[in-house]
Number of protein chains: 2
Amino acid sequence: MDDPALTEARKVLAAEWFAALRDRLCAAFEAIEDAHDGPGEPGRFERKPWTREGGGGGVMAIMRGRVFEKVGVNVSTVHGTFSEQFRKQMPGAAEDPRFWASGVSLVAHMRSPLVPAAHINTRHIVTTLGWFGGGADLNPSHPRPDDTRDFHAALEAACEAYQPGCYAEYKRWADEYFFIPHRGHARGEGGIFFDDLASGDWERDFAFTQGVGTAFLDVFPRLVRRRMAEPWTEAMRARQLEHRGRYAEFNLVYDRGTKFGLMTGGNPEAVLMSLPPVATWQ
Amino acid sequence: MDDPALTEARKVLAAEWFAALRDRLCAAFEAIEDAHDGPGEPGRFERKPWTREGGGGGVMAIMRGRVFEKVGVNVSTVHGTFSEQFRKQMPGAAEDPRFWASGVSLVAHMRSPLVPAAHINTRHIVTTLGWFGGGADLNPSHPRPDDTRDFHAALEAACEAYQPGCYAEYKRWADEYFFIPHRGHARGEGGIFFDDLASGDWERDFAFTQGVGTAFLDVFPRLVRRRMAEPWTEAMRARQLEHRGRYAEFNLVYDRGTKFGLMTGGNPEAVLMSLPPVATWQ
């Protein structure tokens, strides 16, 4: 590791970025609520701070609007000491079990079945080592080739600016990760997934993490605006709710962040903010 | 173990009982559908056989009616060879990994938020050893003291007929099992839970397992008939759907049968038949 003062400064930079990205995402989504030419009032985010026993806390931001049926953006910055169990699993924690972690995670469930659901999360974790991780994926119940193409193109550009060839690697990782084994199919249209990112050049890794966030901020609102005025049927809505059932299955059975949060006594409201507002199992 | 012919005869007896209990439960529920004085057509169970790769199979029976929004009764009789991992966990499987298992499981999600949801499952498993297991619990979104009392009284009578004092033990086991740690509360009003039941007197253990099924068959339809005509509000319905979200969380994150089924390549449609028809996370 670098010297302690530098590590501390970098923690501040990372945590500030995650909060800034949250602000920009919330603003972009509220602008969409305003721009929508439909019934109902434009939604607004409500923020709710929470503290974590053991150190740190976060802010949940949730909006229930007319385009976004339920969108949650959670920023958290926590610190503490890993349990015996996690000590063995987390890089650099065997020597010293203290950790610091900051990140932003977002899940958007949309009213229209023709507007894709989406997810992004990025994080910075510091033990005796420090690394970045994250992922983003698109979850339409009614996939459209151009939406999938544009979403992947934005992430690919962020990846290739960092390290030529890494998009293919991170896309493959997402294909493996965002998969529902018991159903035998992907949970959506994929995206990217990366973890343990520590190239030795912190600024460069941080810039990539920022680039992933910025790419999502650029592309996802465009997809929402592209689709939000398209008329849809009750049959499409029914299919969307079934698709959300699969999403809930994935998050509750397999998602690492969810399991980590539930098993380590995280705030269940924040951990499960990703669950759909309504889901069906017909 | 007893001699092989006797073991085989007992397997047949147990499997036949589980199917017979299913038939009686389905008949009782269809009679409730007929008796209900409400709009819509009385529901009828649809049966769907399935086979298991590796040996055996089962029959799913599902009814979507006007009292029962979604009720699934699954009977299965399977056999095969435990994986290395399960061999160590399952009694009597270290010496010989072959197993046989038969059981019935039922989950009822009701239209009216004032009619309690409920669950029962009982099973017989044979390795080089043989034992019974099962459980039943009541899951009202709007608990009513007399329903809870009557449900427990029926199970208590079945338990006390088997072994004085065992109701307290099996109730405590249910209180521990039907608990949602990340929410810090029970998933419902409890019931009983038992496993590895092998007293040395197979007939007696089988009679108890039958008694639990018969107790459920007696009490649950009575509770449904008691409540099904009570008027309810949209606010009650909303609370029911949130309660079902907790139920889905429990089944997907903690339930042993669900995890066992998903991880061993069970038929996902049968394994996840327990999930609610609609659930919300507001």
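The structure is a predicted model, in which local features need pLDDT of at least 70 and side-chain atom pairs count only at pLDDT 80 or more, while totals for chains, interfaces and linings use all residues. Residues are numbered from 1 along each chain as its sequence is written, chains are lettered from A and ligands numbered from 1 in the order in which they are written, and side-chain values use heavy atoms, with hydrogens and water left out.

**Sheet of chain A**

- Chain A has an open sheet of 7 strands with antiparallel pairing, in the order S1-S2-S3-S4-S5-S6-S9. Strands are DSSP runs (E, at least two residues), numbered from the N terminus, and two of them pair if DSSP finds at least two bridges between them.
- Strand S1 (46–51) and strand S9 (191–197) of chain A have a single partner strand each, so one side of each is left without a neighbour in the sheet.
- On average, neighbouring strands of this sheet are turned by 10° against each other, direction ignored. The angles are taken between lines fitted to C-alpha atoms and run from 0 to 180 degrees between N-to-C directions.
- S5(A) pairs with strand S6 (residues 130–139) of chain A in the antiparallel sense over 10 bridges.
- In S6(A), A:Leu138 is the residue opposite A:Ala118.

**Sheet of chain B**

- Chain B has an open sheet of 7 strands, with the order S1-S2-S3-S4-S5-S6-S9 and antiparallel pairing.
- Its edge strands are strand S1 (46–51) and strand S9 (191–197) of chain B, each pairing on one side only.
- Strand S2 (residues 56–63) and strand S3 (residues 68–81) of chain B form an antiparallel pair over 8 bridges.
- B:Gly57 stands opposite B:Thr77 in S3(B).

**Buried residues**

- A:Thr122 lies in strand S5 (residues 117–126) of chain A and is buried, with a relative accessible area of 1%. Buried means under 20% relative accessible area (1.4 Å probe, protein chains only).
- Leaving aside residues up to four places away in sequence, A:Thr122 touches residues including A:Phe18, A:Ser102 and A:Val212. Contact means heavy atoms within 4.5 Å.
- A:Cys26 is buried at 4% relative accessibility, and B:Cys26 is buried with a relative accessible area of 4%.

**Contact between the chains**

- In chain A, 22 residues are in contact with 22 residues of chain B.
- The two chains bury about 2000 Å² between them, 65% of it on carbon and sulfur atoms. Buried area is the accessible area (1.4 Å probe) lost on putting two parts together, summed over both.

Technical notes. Helix = DSSP H or I, 4+ residues; strand = E, 2+ residues; numbered from the N terminus. Buried < 20%, exposed > 50% of the residue type's maximum accessible area, 1.4 Å probe, protein only.
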